[in-house]
Amino acid sequence: MRLVSEPTRPAPSRPETPDVIELKALRTRQPELADAVDLQLALLEVHRRIHLRIPVPTLDVTEARIARHAAQRRPLVRFADVPAEPGDLRLVLRQTSEVLHRFALIEEAAFRELENLARDGDVAAAAEAWLNRSLAMAEASAPEDTSAGDLDQAVGLALKPFLSRCADAVQPAAGLQVWRLNRCAVCGGEAEFGVIESAEVRRLICGQCGLRWGFAADQCPFCPDGTKGSMTSFATPDRRYQVAACEVCRRYLKSYSTAHGRRPVMPAVDTLATLPLDAAAIQRGYQG
Ligand SMILES: [Zn+2]
Ligand SMILES: [Zn+2]
């Protein structure tokens, strides 16, 4: 049995990334978040190991193309664009499944199924089906499917480092400013977190690929047409973290305020540091 064999602590010779340093500090400050932090560290380690092996794809990110796609609500990437070699995909899927299993987040049967898929299944077809579903939901403006099973969840997590390389190709494009939709321009994902850069500028951060894009600060990022004037907000006492909740669809988005924080936003850290805010939002009858 191989349950706790993979160390989450990187080798001493390798400098720790700012994310890892912050996560460890968070675990010390808020020991009640230790389980969530340890899971995040394990997943980050899987991604870190594969990250540099994945090339940044060449994508057409001209403003004209982004505007055309935005008008049709069509994200820019198709599975053929994703630089996911089946061997790498297998490796990441296996390691991701092991992490989820180790943290008791997937059923035993699903773990066995994922092991089989990673070993000799059609992992590319599973990944393509997962991405196509995300793209179709973005185009239809449908809410994210929260009923996804263990398998889907693992396949989605395993695709993350590959999709984040697509985001690396799109993020610097000046033309990205014309994309003002509530779904990610790269993979069609929903916003997982936000960053408030000024009173007028809020960026959404994709939960799948990490792309950041501008979205009106007074609009709901979850309502199909973006509802105005129906947002309620509350914040932590230091105003570093804020919640914007929609009175129409009852969903909410957490954001980091760069004016009140002392560092840039770090989604891997800030999504966990704000877990108490989730509890507050849910207590008020909103859902994530
Ligand atoms: Zn995305
Ligand atoms: Zn809404």
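Predicted model: local features only at pLDDT ≥ 70, side-chain atom pairs only at ≥ 80, totals over all residues.

Me: What radius of gyration does the chain have, and what would a compact globule have?
Reply: The chain has 288 residues, and for that number a compact globule would have a radius of gyration near 19 Å. Along the principal axes, the C-alpha atoms fill a box of roughly 55 × 45 × 35 Å. The globule value agrees with that of the chain, which is 19 Å.

Me: What percentage of the residues in the chain are buried?
Reply: A residue counts as buried if 20 or more other C-beta atoms lie within 10 Å of its own. The chain contains nine helices and six strands. Of its 288 residues, the buried ones make up 35%.

Me: How far apart do the C-alpha centres of domain 1 and domain 2 lie?
Reply: Domain 1 covers 18-175 and domain 2 covers 178-283. The two are in contact, through 35 residues of domain 1 and 24 residues of domain 2. Their C-alpha centres are separated by 20 Å.

Me: Which element gives the most to the side of domain 1 that touches domain 2?
Reply: In domain 1, 35 residues are in contact with domain 2. Elements giving two or more residues to this side are α1 (18-29), α2 (34-51), α3 (63-71), α6 (123-140) and α7 (150-170). By class, the side has 22 nonpolar, seven polar and six charged residues. With seven residues, the element that gives the most is α7.

Conventions
Residues numbered from 1 in each chain as written. Chains lettered and ligands numbered in written order. Domains from an automatic or database assignment. Contact = placed C-beta atoms within 7 Å. Helix = DSSP H or I, 4+ residues; strand = E, 2+ residues; numbered from the N terminus. Nonpolar A, V, L, I, M, F, W, Y, C, P; charged D, E, K, R; others polar. Rg over C-alpha atoms; globule rule 2.2 N^0.38 Å. Buried ≥ 20, exposed ≤ 12 C-beta atoms within 10 Å, placed from the backbone.
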